[in-house]
Amino acid sequence: MDRDGADAVEQAQEVLVTRLDQLVTLVEQGGLRNLDDAGLIRFLQRFERLRDRLLLAESEFVLHAQPGSLSTG
C-alpha cells in the first residue's frame, strides 16, 4: 500500500475512534432513554452488526501482524 493508502487507513481509524467515543458519551449521558422500543431495537441490532464487522476486521489485522511480519527495530 502506498503512503496515501496508509494515510487513508489511519484517518479512517481516527474517525472511527472519535465517533465511537462520541457514541459512548451519548449513551453514558442517557441518550438511549430517548428511544422508543422500536428505536432501541434498531440501535441494538445495528450495534451488533458493528461488533460483528469489527471482529471480521480484527481477523484481517491479525493476519497482517503475524510473527515475523512486523519490524522490531
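This report describes the helices, surface and side-chain contacts of a predicted model.

Local features are reported where pLDDT is at least 70 and side-chain atom pairs only at pLDDT 80 or more, while totals for chains, interfaces and linings use all residues. Residues are numbered from 1 along each chain as its sequence is written, and side-chain values rest on heavy atoms, with hydrogens and water left out.

**Fold and surface**

The protein chain contains two helices and zero strands, where helices (H or I, at least four residues) and strands (E, at least two) are DSSP runs numbered from the N terminus. Helix α1 has 26 residues and spans 37 Å from its first C-alpha to its last, close to the 38 Å expected at 1.5 Å a residue; the expected span is 1.5 Å times one less than the number of residues. After α1 comes Gly-30, which has a positive phi near 90°.

The accessible surface of the chain amounts to about 6,700 Å², and carbon and sulfur atoms account for 57% of this area, as computed by the Shrake-Rupley method with a 1.4 Å probe, with only the protein chains shown counting as cover for residues. Of the 73 residues, 5% are buried, a class defined by under 20% relative accessible area, with exposed meaning over 50% and partly exposed in between (1.4 Å probe, protein chains only).

Leu-16, Leu-20, Val-24, Phe-47, Leu-50 and Leu-54 make a nonpolar surface patch of about 440 Å², to which α1 (3-28) and α2 each contribute at least two residues. Patches are made of residues with over 30% relative accessible area and no salt bridge, like charges being joined within 9 Å and nonpolar side chains (Val, Leu, Ile, Met, Phe, Trp, Tyr) within 5 Å.

One salt bridge is found in a search of the whole structure, the term meaning a side-chain nitrogen of Lys or Arg within 4 Å of a carboxyl oxygen of Asp or Glu. It joins the side chains of Arg-51 and Glu-48, at 3.1 Å from N to O. These two residues are three apart in helix α2 (residues 37-64), so about one helical turn separates Arg-51 from Glu-48.

The count of aromatic pairs is one. Phe-43 and Phe-47 form this pair, which is stacked, with 6.2 Å centre to centre and 15° between the planes; rings of Phe, Tyr and Trp (its six-membered ring) pair if their centres lie within 6.5 Å, and planes under 30 degrees apart count as stacked, over 60 as edge-to-face and the rest as tilted. Phe-43 and Phe-47 lie four residues apart in helix α2, and therefore about one helical turn separates them.

The relative accessibilities of the residues in these contacts are as follows.

| Residue | Relative accessibility | Class |
|---|---|---|
| Arg-51 | 45% | partly exposed |
| Glu-48 | 37% | partly exposed |
| Phe-43 | 22% | partly exposed |
| Phe-47 | 33% | partly exposed |
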